[in-house]
Amino acid sequence: MVDGTVARRTKAVSEFGAKLDTVADIAFISVSSFKIFPIIHIQKWLWAWVSIIAVIKIGNYIWGIIYHKKIVSLHTISNKITGLFLFILPLTLHFVEMQYSVPVVCAMATFSAIQEGYYIGTGREIV
């Protein structure tokens, strides 16, 4: 989660690195989900919420391709906070009930996805 910040501060940024970071983030979420989902009971409302977030994120990628002619994946502060929350979530499952921790993570992810769509639509932070 700090790799992009380190790359920017050391001036080691590249377009390939930015794309690789996005692929690594997707791989992290996918593998984490694959390992965690079988061992926890997930309620239907949560599946619905996660599905809505996924639809928004997929829509953002499509929107970026249509309007900017490239895959747009923004590294906003809210996206980074969402990543941090997702990273911490499995570590909290033993002492914080999911009914309290998961809505916080989902709310942050929803805000982040909507904000990313807004930024893509307005051209803000698109390089």
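**A quick tour**

Guide: Start with Lys 69, which is exposed at a relative accessible area of 69%. Exposed means over 50%, buried under 20% and partly exposed in between, with a 1.4 Å probe and protein chains only.

Visitor: Before we go on, what kind of model is this?

Guide: This is a predicted model: local features need pLDDT of at least 70, side-chain atom pairs count only at pLDDT 80 or more, and totals for chains, interfaces and linings use all residues. Residues are numbered from 1 along each chain as its sequence is written, and side-chain values use heavy atoms, with hydrogens and water left out.

Visitor: Back to Lys 69. Where is Lys 69 placed?

Guide: Lys 69 sits in the loop between helix 3 and helix 4. Helices here are DSSP runs (H or I, at least four residues), numbered from the N terminus. Lys 69 is not a glycine, yet its phi is positive, about 60°. Most residues other than glycine have a negative phi.

Visitor: New topic. How many salt bridges does the structure hold?

Guide: The structure holds 1 salt bridge. The term needs a side-chain nitrogen of Lys or Arg within 4 Å of a carboxyl oxygen of Asp or Glu. Lys 57 and Glu 116 make the pair, at 2.7 Å from N to O.

Visitor: What does the pair tie together?

Guide: Lys 57 lies in helix 3 (residues 44-68) and Glu 116 in helix 5 (residues 98-122), so the pair ties together parts 59 residues apart in sequence.

Visitor: Is Glu 116 buried or exposed?

Guide: Glu 116 counts as buried, at 2% relative accessibility. Lys 57 is partly exposed, at 24%.

Visitor: What about helix 2? How far does helix 2 reach?

Guide: Helix 2 (residues 15-36) reaches 32 Å from its first C-alpha to its last. That is close to the 32 Å expected at 1.5 Å a residue, a span worked out as 1.5 Å times one less than the number of residues.

Visitor: Which residues of helix 2 are buried?

Guide: Asp 21, Thr 22 and Ile 36 are buried. Seen down the axis, the buried residues of helix 2 fall within an arc of 100°, so they line one face. The arc is that of the directions from the helix axis to the C-beta atoms.

Visitor: And the other side?

Guide: On the other side of helix 2, the exposed residues include Phe 16, Val 23 and Lys 35.

Definitions and conventions: Helix = DSSP H or I, 4+ residues; strand = E, 2+ residues; numbered from the N terminus.
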